[in-house]
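Here is a friendly tour of one protein model, taken helix by helix. Have the structure open beside you as you read.

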Amino acid sequence: MSSARTAARNLSAISLHKGAQILGAFAFAALVPRSLGAELFGQLSFVLSLSLLLQMPGDLGGLDIIGRFVPGWAQEDESGRRKIVWLTWHLIALRLLIGLAVTLVSVPLAPRLASWLTPLDGLLIGLSAAIRLLSWTPFHLSFGLGRMGRWSVELAWRQLVMTPFLLAFARWGVTGLLAGLALSEALFLLLGHYWIRPYLRVQSFDWPALRPYLRFGAGFFLANIVIVALYRLGPVLLEVLARNTVAVGYFNLGVSVYMMLLVILTQYMSSFVPMLSLFHRRGELAAAQRWLDRMVRYTAVLMGVIIIGMFMLMPAVAPLLFGADFAPVTRIMLLLALALLAQPLVWAGRYAAVSFGHPRAAFYATLFGLLAFLAVSPALMPRFAADGAALALGFGVVVMAGVYLWLGREWLKSPWLALAAAYLPLSALLFIYDPARDLMSGLLWSALLIPLYLFLLWLLRVVTTAELAQMRAAFMPGGAPKR
C-alpha cells in the first residue's frame, strides 16, 4: 500500500469520529457553563486541570514507545505478537502502580491548593486521574496497530460522554461533578481493555528488559508532562496567583475551545508517525521530508482559515454559545488564536522527533516553552487575569516552535517562503476586525475572505493543484497516488 493511501486510510478512520468530538465540545461549551454558573464552572475548570496534571506521571511516553516499535512488530510473525503482548502488560502494570500513588497523593494535595476542596474531593480527583491513565495503554496499542478509528475514540468521544455525567451530578456541587467525571472515565477504561483483550496476557514483570523502552520514551515522557503543564497549568496558576476563580473559568473556557482544535488536529498529525517511522527504518528520508513539508504547509493554510473564521465570527458566536456572563471569553479566544500560527512548526518538530528518534529535542523544546510561559505569568496574570494567561500561553507556544526549529535544523526543514505567504495576508484582519459585528455580517465576511485567501495561496503555489489531486486520489476508491 502506498504512503499516500496509508495516510488517507488513517485520516479517514479518524475523521469518522471527529463529528462526535466537535459535537461534544459544543455541547460542553453550550450546556455546562450556563448550567453551573461562573463560580462553579470556575471550580470545575480548576479540578479538571488539576486532574489532567496528576495523570501525567503515568504517561511514560507510552504512545511514542508503541508508535515507534509496535508497527514493526506487527509485521513480524508470532514472535512479534509476543513482543506486543509483553510490552502491553508491562505498561498496564506500571501504570496501575502509578495510578495508586497519584490517588493517595491527591487526597492531601487538593485542599492545600484550593481551600474549597475537601479530602474526599481530592480522592475523587486522584481516582479520575488514575482511571484515565490506565485507559491509555489499550488506546495507544490501537494506534500502534494502525487501528486509528479505535484510537481516536478516547479523545473524540470524551466530552460527549462526560457532559451528561457532569450535568446529572451537578446538584451535589464540586463533589458531585468529580463523581460524574470518574464514572465517565471508567467507561473508556472498560471499552479500551475490551478491544485489546487478545493482547491481555499476564507476564512476569521484567524491569531490566523494560528499561530500554522506558529510556527511549523518557524524553517524550518528560516532553508530554511539560506540554500538558504548558497548556493546562494556566487555570491552576491563575487561581494561585490571582485568586480569581471566575477568571479561571473564563480562561479555561477559552483554552477548552483552543484545545479542541489542537486535539482534533493533533490526532490527524500524529497519525503520520507510524508511516514516518517506517520511512526512517527503511532509510527513505527524502520521502519522510516531503510529507513533513506538506504537513507544515497545509496545516499553516488550515490555521489561516481558522483564524479568519474566528476573527469574523467569534464576537457574535461567543455570547450566543456561552451566555452573556462569559462575554470576556471572546477576547481570550482571539488572543489564543494568534498562538495557532506557531502550531504547524510544533507539530512537524514533535512528530519528526518521534519518528526519527530524537526524544531530547521534544523534551527541550517543550521545556523552554514552559519556562517562557512561567517567566511571564507572574507579571501578566495578576494584572491582566485571564487575558494575561492567554498572552503567556501564546508566548510559550511560540518559544517552543522556535526551539524545535533550532534543535531540528539538521532533520527538519521548514518551508519558510510558504509560511510567510500563508501568514502575511492574515495581517489584514487587524484592520477589518469589528467587535460589534453581528452573526450574519460575520458569515458574509467569512464566505468572502476564506475563498479569496485560498485562491491567493494557490496563486503563490503554497497550495498546488498537483498535490490536491494526489490527495484526492488517495482518498477516492481506485486512486493510485504516488509516494
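This is a predicted model: local features need pLDDT of at least 70, side-chain atom pairs count only at pLDDT 80 or more; totals for chains, interfaces and linings use all residues.

Helix α3 (residues 78-113) and helix α4 (residues 119-144) have axes that come within 7 Å and cross at roughly 165°. An angle over 145 degrees counts as roughly antiparallel, and α3 and α4 are therefore roughly antiparallel to each other. Their crossing is right-handed.

Now follow α3 along its length. With 36 residues at 1.5 Å a residue, α3 should span 52 Å, and the 50 Å between its end C-alpha atoms agrees with that. Even so, α3 has a bend of about 40° at Ser106, and Pro108 follows within four residues.

| Helix | Bend at | Angle |
|---|---|---|
| α3 | Ser106 | about 40° |

How far can you trust the model? The protein has a mean pLDDT of 85, with 93% of its residues at 70 or more. Confidence is highest in helix α7 (residues 173-195), at a mean of 95, and lowest in helix α18 (residues 465-475), at 66. Across residues 474-483 the pLDDT is below 50, although this stretch has 30 contacts in the model beyond near neighbours in sequence.

Conventions: Residues are numbered from 1 along each chain as its sequence is written. Side-chain values use heavy atoms; hydrogens and water are left out. pLDDT is the predictor's confidence in each residue, from 0 to 100. Helices (H or I, at least four residues) and strands (E, at least two) are DSSP runs, numbered from the N terminus. Contact means heavy atoms within 4.5 Å. Axes are lines fitted to C-alpha atoms, for helices over the stretch in contact, and angles run from 0 to 180 degrees between N-to-C directions. Angles under 35 degrees count as roughly parallel, over 145 as roughly antiparallel, 65 to 115 as roughly perpendicular and the rest as oblique. A crossing is left-handed if the near helix is turned anticlockwise from the far one by less than a right angle, and right-handed if clockwise. The expected span of a helix is 1.5 Å times one less than its number of residues. The bend at a residue is the angle between axes fitted to the seven residues ending there and the seven starting there.
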